[in-house]
Amino acid sequence: MDPSRFGVRPTKSLGQNFINDRNVLSRIVEGAGIGGDDLVIEIGPGLGILTAELAAKAAFVTAVEIDERLIPVLGETLSGCGNVRVINGDILKTDIGQIIDECRKEGMFSGRVHIVGNLPYYITTPIIMKLLEEKVPADSITVMMQKEVADRIRSAPGSRTYGAISAAVQYYCRVSKITDVPKEAFVPRPKVESTVLRLEPLGEDQAKARDDEMFLRCVKAGFAQRRKTLLNSLSSAGGMDKETVKKTLEAADVDPGRRAETLTVEEFIRIADRLSDEQDRRDY
Ligand code: SAM
């Protein structure tokens, strides 16, 4: 959809690249797996082109858009959809769990919850980390992002692109790629290619650290200086002397001379649990 139709000049700093390709819309909507009883929370509806497709499948859609200029435009483009609510706000400051609770209480849906969005590129990682760290009760998260970020999220240990975001997302979710999307599918055209990923939060039976925060702290500290050994990166992150970090890594059965980029999620979990043990001993 061309924003000039509505007299709107896209704002680059808000990541406003609007989808202008029907095939891409269908692939996102199919990838999200929306049923007729389900709720969709859409991040950044823009001109509403994806919103209308989501509304055609779901029981109800709540869309959060930061740009107040787009609110009247959405009123116009979505006038035929009786099952959409648009909220003018910043998704990073929005309590998504509360929106889901309210929609359930108001009887807007009885099925599952899906989060969908063509994400603004400048805050892709903070949005994904917010959804995961706040444990937003969603059954799926289907989001388009810069291809490079999607490649990092999907990377396996040992690969050049494996980093903190890969370990963090794979700790919480099963990741699958829906499709790559070329620049030509957007107005205005971005400089980079895009990819749609589907993230499915893992069930309670999956391996988890005793303390999610400790897991994330280990991952962030490990990758903060990725050329350093774990012994050096974890001890320079503060809080513990080298000797204690060495003992902790050995107790987790991880060689202190290894680098974070070679560690599996399970190994990070073992380290985080031993660090939690160590913290308990100190607090005691
Ligand atoms: N969904 C539309 C589409 O696919 O054509 C627009 C996608 S565009 C890549 C990203 C949208 O997110 C824009 O409408 C932008 O204004 C909005 N946005 C940017 N930052 C946001 C934030 N912090 N909270 C909510 N929406 C935001």
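Where is P188 found? P188 sits in the loop between β8 (186-187) and β9 (194-201), with helices (H or I, at least four residues) and strands (E, at least two) taken as DSSP runs and numbered from the N terminus. The model is a predicted one, so local features need pLDDT of at least 70 and side-chain atom pairs count only at pLDDT 80 or more, while totals for chains, interfaces and linings use all residues. Residues are numbered from 1 along each chain as its sequence is written, and side-chain values use heavy atoms, with hydrogens and water left out.

The peptide bond joining V187 and P188 is cis, with omega at about -15 degrees. Both residues also turn up on the contact list of N17, where contact means heavy atoms within 4.5 Å. Leaving aside residues up to four places away in sequence, N17 touches N118, Y121, F186, V187, P188, R189 and P190. N17 itself belongs to the segment before β1 (18-19). N17 has a relative accessible area of 16%, so it is buried; the scale here is under 20% relative accessible area for buried, over 50% for exposed and partly exposed in between, with a 1.4 Å probe and protein chains only.

Now for the aromatic rings. Rings of Phe, Tyr and Trp (its six-membered ring) pair if their centres lie within 6.5 Å; planes under 30 degrees apart are called stacked, over 60 edge-to-face and the rest tilted. By this rule there are five aromatic pairs. In one of them, Y162 and F223, the ring centres are 5.9 Å apart and the planes stand at 75 degrees, so the pair is edge-to-face. The two residues come from distant parts of the chain, 61 residues apart: Y162 is in the loop between α6 (147-154) and α7 (164-172), and F223 is in helix α8 (residues 212-224). Y162 and F223 are both buried.

F215 and F268 make another edge-to-face pair, 6.3 Å centre to centre with 80 degrees between the planes. F215 is in helix α8 and F268 in helix α11 (residues 265-283), so this pair ties together parts 53 residues apart in sequence. Ring pairs join Y162, Y171, Y172, F215, F223 and F268 into a cluster. One of these, Y171, also has the charged end of K208 over its ring, 5.3 Å from the centre; the test is NZ of Lys or CZ of Arg within 6 Å of the ring centre and within 35 degrees of the ring normal.

Axes are lines fitted to C-alpha atoms, for helices over the stretch in contact, and angles run from 0 to 180 degrees between N-to-C directions. α7 and α8 pack at about 160 degrees with their axes 9 Å apart. That makes α7 roughly antiparallel to α8, on a scale where under 35 degrees is roughly parallel, over 145 roughly antiparallel, 65 to 115 roughly perpendicular and the rest oblique. Here A164, A167, A168, Y171 and Y172 of α7 meet D212, F215, L216, V219 and F223 of α8.

α7 also packs on α11, at an angle of about 85 degrees and with the axes 10 Å apart. α7 is therefore roughly perpendicular to α11. A167, Q170 and Y171 of α7 make this contact with V265, F268 and I269 of α11.

Helix α10 (residues 242-251) is another partner of α11, with an angle of about 130 degrees and axes 8 Å apart. That makes α10 oblique to α11. T244, T248, L249 and A251 of α10 meet I271, R274, L275, E278 and R282 of α11.

Elsewhere, helix α2 (residues 49-57) has I49, L50, T51, L54 and A55 as its buried residues. These pack against β1, α1 (22-32), β2 (39-43), β3 (60-65), β4 (84-88) and β5 (113-118).

K135, in the loop between α5 (124-133) and β6 (140-146), has a positive phi of about 50 degrees although it is not a glycine. K135 is exposed, with a relative accessible area of 52%. D253, in the loop between α10 and α11, is a non-glycine residue with a positive phi near 65 degrees. D253 is exposed as well, at 62% relative accessible area.
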